[in-house]
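Colleague: I am new to this structure and would like to know what stands behind the terms used for it. Please go through them with me one at a time.

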Amino acid sequence: MQNQTTSNSLDHTEYLKLAAFTLLCFFAFTYNLSEVPPYHSDENFYVTSTRNMIDSGDYLTPVYHDKKRFAKPILFYWLVAASYKAFGVSLFSARLVSAFFGALCIPLVYTIARRLFGRRTAMLSVLLLPGCYLHYQIARWAITDMALNFFILLAIYFFIRGLRDDPGRGASIYLAYACMGIGFMIKGPPAVLIPALALGIFILILFDRKIFSQLRLLSGTAILLALITPWFATMLSIHGEEFKDHILGAEFRDRIIHDTPFSLYYLGATLRYYLPWSLFFIAALVVRFTTNPGLAAATSKKNEHLMSLPETLRFRFTELREKDHQPFLFCLAWILGPLLLFTLFRIEHSRYLLPTLPAIVMITSHFLACIVDSPPDCHRKSFQIPFYLTLMIYFLIAILSGVAISLIQPVSPPPFPLLLLPGILLLGVGFLLLCYRYHKITILVVALSLLQLVTLTSFSGDALPFFNRYPMKKFAEEILADPHPEKRIGLYRLGNHRARMGVMTGLPSIYLNNAEELKQFTQSEKKVFVVMRESDWKEEFPDLPLALQAIDTGWRKVRLDRDRLRQIHKDGLEPHLQEYTETYVLLAWAK
């Protein structure tokens, strides 16, 4: 890989800016962190299981709803437990782990980008990464992916450092394997497969046996086994065939052998979850593969306007192997490896794209850095199209958010930060236009990054919690305030709220499908709470000894077609509120 460090002397001011921006992003990641929407259903597993660990004192075997949970290794549970011990048992504490690692990824991406591409690309990468929706959102969820992503990044950093700067001693390579082992203990094989695929594809294209020999595979395998084996061996000795059957079955066989059809899911997901930067990423690829000076020189030597497709591909392949293009090649391998892996195994979860984002960010930032250093007319069209599409997106968000706030304000006053959002977006669009008009690309990227961060923060921390009108938050506060030491929660025909209640309380939340299941549930020795629709309570269970604890309303599932929206716009939301909402009740079993 090309050495970019010679011109990158130590700049304390730059590192202070990096530290300040990282701290700003950490505050953005933790803004209203205990608000639930948007949330991920898997949070329920880690919040509840780790609370069980704290209560029971068993830190080896995760237990969820009285059942052993072997789905993931133990390290993330320990990280959440440590947060619980330090800050108290709460959803905020559980999510704080991901917010912490999400912020740490920012200076780590800077370090990698600086080694591969140089200082300017590194600083631009720092600005782009937290504004990626996928990175921002997963940094606010109590799931394993962000912690895993950090250790994958750290492993890749040590591999780059070891292969280029420390090829003789191998200390960095050993640290890379250690990071892969720690990542494995967070989420399993992806911690090893993703760095291995990135390096494997890169080495395969270069066909450089010297690089392969520097990887120290035998020593690295020993390090991995030393980190991975103890917990797995302990679990096998405690739980025997039950643990082995789950690992070989649900965690291995069932992920490989299934009937899910092949699709191009990840191509669409990359575009959606990386907006608006995905528009610039596409432009970066187009420029890189169509207007490269090397290709122009090759075609002029042949006295042709265009090379044939096979010749073009052959030229591109050869060009990527050149030293000056190796950082770009490595980033491509970093992106393609996970995409090919998860596409071939037909595992479609958008969060699996997270480890590819740093490479996408670096390619995009290098494209933007080239534009910054170019004359105003250079690459103008390649930048112009994604820029104006981005302005259209923000303008549309400003208009829609303004309309939504005006409709709901008579019913429920929105929080003050949300009231400011449409105005901030419109001012941001105007400022971006001025920056583009005077070719202030660096200021434009900084402004766009901050605007994206503000939008995501307001969206996750203010807009969704406000517009969602979820009654489960009020009920969760009532349940947690109850002094009884042992509590269970049942949700009668409210399956979509079960995981949400579990996330907010950290207590067992059971879906109850019929009256018989409800009756059995209430026979527990523990104090039980039941959440149901008010209509179900009055129609089906008027004689049951259920004491009303709280009441709240939430949205019905109603399809809003054009006619309904036109009527709401004409009359306002308040006259139609009863049509679109339903009442829920929290009941306690009176013993």
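Colleague: What makes the contact between the side chains of K473 and E35 a salt bridge?

Modeller: This is a predicted model, and in it the N to O distance between K473 and E35 is 2.8 Å. The rule asks for a Lys or Arg side-chain nitrogen within 4 Å of a carboxyl oxygen of Asp or Glu, so the pair qualifies. K473 belongs to helix α22 and E35 to the loop between α1 and α2, 438 residues apart. By this rule the count comes to 15 salt bridges.

Colleague: Why is helix α17 said to be largely enclosed by the rest of the structure?

Modeller: Of the 19 residues of α17, 15 are buried, and the helix is therefore largely enclosed. Helix α17 covers residues 326-344 and reaches 26 Å from its first C-alpha to its last, close to the 27 Å expected. R346, which follows α17, has a positive phi, near 55 degrees.

Colleague: What makes F416 exposed?

Modeller: Its relative accessible area is 56%, and exposed means over 50%, so F416 counts as exposed. F416 is found in helix α20. Together with L419, L420, I424 and V454, F416 makes a nonpolar surface patch of about 410 Å². Helix α20 gives the most to this patch, with four residues.

Colleague: How do you know that strand β5 pairs with β3 and with β7?

Modeller: Pairing requires at least two bridges. Five bridges join β3 to β5, and these strands run parallel. Five bridges also join β5 to β7, which run antiparallel, so both pairs meet the rule. R488 stands opposite V528 in β5, and M532 stands opposite V585 in β7. Strand β5 is mostly covered, with five of its seven residues buried.

Note on methods: Residues are numbered from 1 along each chain as its sequence is written. This is a predicted model: local features need pLDDT of at least 70, side-chain atom pairs count only at pLDDT 80 or more; totals for chains, interfaces and linings use all residues. Side-chain values use heavy atoms; hydrogens and water are left out. Helices (H or I, at least four residues) and strands (E, at least two) are DSSP runs, numbered from the N terminus. The expected span of a helix is 1.5 Å times one less than its number of residues. Buried means under 20% relative accessible area, exposed over 50%, partly exposed in between (1.4 Å probe, protein chains only). Patches are made of residues with over 30% relative accessible area and no salt bridge: like charges are joined within 9 Å, nonpolar side chains (Val, Leu, Ile, Met, Phe, Trp, Tyr) within 5 Å. Accessible areas come from the Shrake-Rupley method with a 1.4 Å probe; for residues, only the protein chains shown count as cover.
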